[in-house]
Amino acid sequence: MNQFHKFLLLTLLMFSGATSVLAQVAVERSSARALTLEDALRRSLRYNPEIAKLDATLADKLGRAIEAEVKLNPSFKVSGGYVGEEAGNGGAFELEVEQPLRPSDFGLRKTYAAALRAAANLEQKADVLRILNETALVYYRAWALQERAALLSGARAQADDVLTTIQQQLEAGQSSVSQRSIFEAETARFAAEMIAVRGERVGAQAELAGATGISAPELRLVRPAFRTPPSVEELSAFAQSRSGVRRIALARRLAAAKNLSVARADAVFPEFAPGLDASYARPERALDFGVSIAGRIPIWDRNEGEITRAKGALAAAERELESIDRVSFDRETRARRQQLLDLQARADAYRDQVIPAYRAAYNETLAQFRAGQASTLQVFEVQKSLIEAQEKAFEYVVETLTARTHLEQHIGGRLEEVGGSRREQRSR
């Protein structure tokens with residue numbers, strides 16, 4: 001685990017909060033393993049095989065940086081001979097050593113390699129965050145399916161309760177078989193949907209288990225709870241120190257520009273190879289030294305291929321940066337934050353106002369139905385509205401959480417880390 005992974009792990013541990021405490025209590029009370037979002041992200045950081053693959057990708061990028069910076073290996077040539085003369089036997093020994101040098105070896109390749117490393121590290125951080133956000137999305141989907149299964153189970157129980165009342169009314173001659181058939185159909189529909197949701201939930205939990213390395217047969221997911229996102233200024237300031245989209249684009253453009261400089265330098269100036277020649281002859285015992293310079297003049301091959309590739313990479317990096325700057329970073333941050341606030345307000349309204357109102361109406365209508373003051377169709381319509389509102393509420397919660405992950409991807413970190421930075425600064 002590299003330093004960045006350790007940093008993220010410590011950050012997630014810092015911001016687990018009270019939710020983790022509640023989860024521990026739930027573990028003791030239930031056979032199913034309770035899992036919070038923070039626990040899932042911590043475990044994903046450690047056990048997710050996709051994050052392990054990122055290490056290989058980073059090693060490949062850092063390897064290219066090393067290859068770009070390292071000089072060419074020296075070459076040598078050793079030759080010997082035997083000479084027979086009247087005065088006696090003799091021999092000769094020659095050694096030639098050359099060190100090829102490219103014009104870009106004098107500083108340009110070093111700065112290009114540094115730019116490659118910087119871009120690789122930023123991209124690694126962004127990729128780790130992307131996978132963590134994907135884990136969060138899987139968690140949200142599995143949690144929504146868990147809640148939907150509970151909703152369908154409750155709706156089926158409510159339909160069974162109404163069926164029991166209708167049966168009692170039928171025995172008293174106060175209802176009809178057609179009215180009973182309505183709720184029998186509803187009970188069958190809820191049962192069929194529960195089967196489908198159960199299968200989807202098993203698949204989502206299996207995907208979450210694969211990302212977190214958990215082998216428990218069943219997970220009980222805790223509802224994610226988040227506070228209001230920080231201000232635009234705080235988000236933008238935080239993004240400047242993290243691997244946000246604009247910072248990555250800047251690093252890529254710098255690396256592409258350095259690569260073009262290297263390609264052009266190797267095209268204009270000749271490559272040369274200073275060398276050392278040494279010879280030794282017997283029986284005279286004559287030792288000679290000499291210095292040589294070899295080289296290649298860029299006449300036919302002027303590195304046009306590498307220059308063309310470097311120009312294309314630079315143009316792509318500049319277009320990427322221009323597309324980000326065309327809509328300013330702060331403006332996009334403000335838009336994403338406002339979208340999150342609006343979606344959160346809608347989800348909160350359904351949770352705090354819409355659902356309680358529908359539930360109160362259903363309970364009142366059901367009480368009136370049992371007292372003979374409401375019809376079966378009235379109960380059916382109110383129950384249908386309640387169930388639809390609950391399903392919408394879960395859908396809106398998932399949309400809110402998805403918007404949150406998009407904002408975090410944009411700034412290059414989790415929103416809790418922004419708050420942690422503020423608290424840390426105040427403590428100093």
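The following exercises, with worked solutions, concern a predicted model.

**Exercise 1.** Determine which residues make the nonpolar surface patch, and which element gives the largest share.

*Solution.* Step one is to list the members: Phe76, Val78, Phe93, Val97, Leu276, Leu287, Phe289 and Val291 make a patch of about 850 Å². Step two is to assign them to elements: β2 (75–85), β3 (88–98) and β6 (286–296) each give two or more residues. Step three is to find the main contributor: β6 supplies the largest share, with three residues.

**Exercise 2.** Locate Phe93 and decide whether Phe93 is buried, partly exposed or exposed.

*Solution.* Phe93 belongs to strand β3. Its relative accessible area is 40%. Buried means under 20% and exposed means over 50%, with partly exposed in between. Phe93 is therefore partly exposed.

**Exercise 3.** Describe how helix α5 and helix α10 are placed relative to each other.

*Solution.* First, consider the distance: the axes of α5 (residues 108–171) and α10 (residues 329–370) come within 11 Å. Next, consider the angle, which is roughly 15 degrees. Angles under 35 degrees count as roughly parallel, so α5 is roughly parallel to α10. Finally, consider the handedness: α5 passes α10 in a left-handed crossing.

Key:
Residues are numbered from 1 along each chain as its sequence is written. This is a predicted model: local features need pLDDT of at least 70, side-chain atom pairs count only at pLDDT 80 or more; totals for chains, interfaces and linings use all residues. Side-chain values use heavy atoms; hydrogens and water are left out. Patches are made of residues with over 30% relative accessible area and no salt bridge: like charges are joined within 9 Å, nonpolar side chains (Val, Leu, Ile, Met, Phe, Trp, Tyr) within 5 Å. Accessible areas come from the Shrake-Rupley method with a 1.4 Å probe; for residues, only the protein chains shown count as cover. A salt bridge is a side-chain nitrogen of Lys or Arg within 4 Å of a carboxyl oxygen of Asp or Glu. Helices (H or I, at least four residues) and strands (E, at least two) are DSSP runs, numbered from the N terminus. Buried means under 20% relative accessible area, exposed over 50%, partly exposed in between (1.4 Å probe, protein chains only). Axes are lines fitted to C-alpha atoms, for helices over the stretch in contact, and angles run from 0 to 180 degrees between N-to-C directions. Angles under 35 degrees count as roughly parallel, over 145 as roughly antiparallel, 65 to 115 as roughly perpendicular and the rest as oblique. A crossing is left-handed if the near helix is turned anticlockwise from the far one by less than a right angle, and right-handed if clockwise.
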